[in-house]
Amino acid sequence: MIKYMFSKEEDIPGGTASIFFGFSCLMWFIVGTGIGSFNAAKLAFPDFFTHYYALQFGHMRQVHVHTVIFGWIVGAFAASALYIVPALGNTKLWSEKLGVWNCMAWNVGLMLALSTLWFGMTSGREYSDFMWPIDLYIAFCMVTPLFINIFMSILNRRTQGIYTTNWFFAGSFFMLIIVFLVGNAPEFFHLTGLNEAYMTWWFAHNVLGLLITPVAAAITYYIIPKVTGNPLYSHRVGHLHFWSIVVFYSTPAAHHLMSSPLPEWLKSFASVEGVLILVPAVAYVCNILLTMQGRWSMFVENIEIKYTITGVLLAIPLNMQGGFQQTRAINWYVHGTGWIVAHAHLALLGFSTFAEAAAVYYGMQTMLRRKLYSLSLANFHFWMLLIGFSLYWVSMTIAGLIQGAGKIYEVPYLDIVIAEHPYMIVRWLGGTMVFLGNIVWLYNMYMTVKKGEKLEHGVLPHEVAYVR
Amino acid sequence: MGFREYRIGSIMFGVALATSMVVTVYMPGLDISNTTATATALEKQLTYGKVAGFDYGDPFLHGDDKPIKVILKKDPKTGAAIDETVAYVFKPGTSLPSGLVHDHINGAAIQALSVSLGKTDQVSVEAGGVYLVVKSVKNGVETPYIELASATRGWTIDATLKAADQEILAGAGKVMFIREGCWWCHTLLPEQTHDWQSFGRPPMLGDFNGESPTTFGSDRKAPDLLHVGSRNSSKEWMMMHFFNPRLVQPHSIMPRYDYLWGGVDKKGNNIDLAKWDEEFDAYREGSRVYPPEVPEYADNSEIRYLIDYVLDLK
């Protein structure tokens, strides 16, 4: 990596930045899910690894969240964007060198951010836990270079139109910078009270709604047509998806605080807008599934399609939950319970991880010009991820419903803790499966670099049959 | 190639995003900023100081740069007996909460009273000061305001600390609450639709003015703590519970916070955690009748801050 940081732009092979981002997001995914599994073990067995200050649940919990969000999810977005944007513009990445530097700044920044957070230096605000100097670093040294690279590559494209995927890439990373700067305003300018509480959730909502969901969707907009060979079912519906994300998804921040004393108009407004999230959601899912027409056999045969379509199918329960669980009628029952934890994992570990895993599998093969080392290992990874995630999601949803019942009937809290215990163990097992699956993935990717069958020029990975 | 075919789209994108920001940031901000503070909000500001999270006054979250809450039973100046009074001591250099720095945080009526009756226009970080929350009743309407007792009653910092019956380090304790991640499981937000019976009254609109961060918590894996000090005011129980929650609550999944003792007890003796664990295991297996004693914490230990904070959540 150091070598390419100081070489001339024209000496850096295309796809270098993407490959670096790909491997680093994989590493972070293993770290993040490892910490997640460790945390889950602590919830199931509270005396597991006690006495160690650094390994306390209260210190590790937010490190898990930010490792998977910024290390894995956003890192995988960067890896995907840096090869998809040029491919869709029929051009080269604007600057591979900037991309390589960006990857370095990303990893150094994350290391710094996560260790300070681990150490206890936090702002005490969920999802914007990092102290504000780190927030500024993320906005200007991690996200801005990435946005510039994507935006300039789109400007320098050699196609006339801009494909759906690239609207999302350009729009989302731009909005991410804005969200970071506006959402952390309480820390920069010391805003206090309910303004601070509201802006915390404004940030949290928009990081998910304007970055993670749309970019994960953007990736599937690329992978499905590319690998199946079918054109996108409808660009009009794509338009509907994009614009309703910008208009509807950016507004319901207050629905995270339905039981707090925020102004009632704000909660009602947020709740209605929250249901309208179903507009982009339904448009998106229909568009992708209809694109699969006539190619459904690939859902079984092709590993990238298997991942992507699983992700898209998981987006259906995700959006149905998301649209309705925030209405007052349902929120009072599930708010603050494991149901919400299950929902958050459905969004990040279900929908978006599966979409990104497909993009990383596909992108690494294309950029490395090598066929994946082992399809069996990839399938093994897929099932570890899917079964692990399902165990997690189902157990936490049930635990959440138990908690909800206990909450509204005001059952003594300890009885709820006792009732939840078996589900906490299942949660830990599920999380551990995901973690172990990811180690297999890293091995598979490493072996692809070393021993993967070389792809001939002009041939795409899915066009070559597996020899093993 | 550029974006020229996308001019209208780019403009629409800007308009949509800006409109969204106006509706979701500017309008709620205006509305919320017009909230008048309650007495609870004023008390919280004076108890917790400026920020409980990361700040240059306390970058490593050690609980520095925080005020001290004291209970007075005699007048620090004259020594005469007075009704039990809560005062907030800001030592010189302690950062002030928003409500004392900006004049729009607490609401116009409170601000006017604080300045005219409470002399809060003489507030200074360098000099520090002793503050009170007092109530003015006019035409049957109660308005709380902040009084700078150093200016109005001549209560100096040293005399107040000396006269204090009890020092409550809840400001530093809230830092512990945030740093140790208590709020990942314990919410501070009884919900409006239920929770009244077991967790108490939900907070009101004006209870948060000037507080930072609010740490509502979002994932309730453990009881709500907003009024925990009213349900359980036993320091001994808290001490045992923090040292090893399984000691008082066998099914609890709370982590142990024995490391917040800082390795030494009140008398300065080292705490042997391994020996304690051994004895506790023996007790759990039934080969010991009584559990081992929990060491009493030192006055400047982090656990003292945290217990002060938790017991102060009335």
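**Group meeting: chains A and B**

In this predicted model, 66 residues of chain B are in contact with 57 residues of chain A. Contact here means that the C-beta atoms of two residues, placed from the backbone, lie within 7 Å. On the chain B side, helix H1 (7-33), helix H7 (170-179) and helix H8 (196-199) each supply at least two residues. H1(B) gives the most, with 12 residues. Helices (H or I, at least four residues) and strands (E, at least two) are DSSP runs, numbered from the N terminus. By class, that side of chain B has 33 nonpolar, 24 polar and 9 charged residues. Ala, Val, Leu, Ile, Met, Phe, Trp, Tyr, Cys and Pro count as nonpolar, Asp, Glu, Lys and Arg as charged, and the others, Gly among them, as polar.

Some housekeeping. Residues are numbered from 1 along each chain as its sequence is written, and chains are lettered from A in the order in which they are written. Local features need pLDDT of at least 70 and side-chain atom pairs count only at pLDDT 80 or more, while totals for chains, interfaces and linings use all residues.

Next, the sheet in chain B. What is the order of its strands? The order is S4-S3-S2-S1-S5, in an open sheet of 5 strands with antiparallel pairing. Two strands pair if DSSP finds at least two bridges between them. Strand S4 (141-148) and strand S5 (164-168) of chain B each have a single partner strand, so one side of each has no neighbour in the sheet. Strand S1 (residues 68-74) of chain B is joined to S5(B) by 4 bridges. Val70(B), for one, has Glu167(B) in S5(B) as its bridge partner.

Helix H2 (residues 39-48) of chain B lies across S1, S2, S3 and S4 of chain B, at about 175° to S3(B). Angles run from 0 to 180 degrees between N-to-C directions, and axes are lines fitted to C-alpha atoms, for helices over the stretch in contact. Helix H4 (residues 108-116) of chain B touches S3 and S4 of chain B, and its direction makes about 45° with that of S4(B).

Last, a helix pair in chain A. The axes of helix H3 (residues 57-89) and helix H6 (residues 164-183) of chain A come within 10 Å and cross at roughly 130°. That makes H3(A) oblique to H6(A); angles under 35 degrees count as roughly parallel, over 145 as roughly antiparallel, 65 to 115 as roughly perpendicular and the rest as oblique. Residues making the contact include Ala81(A) of H3(A) and Phe169(A) of H6(A).
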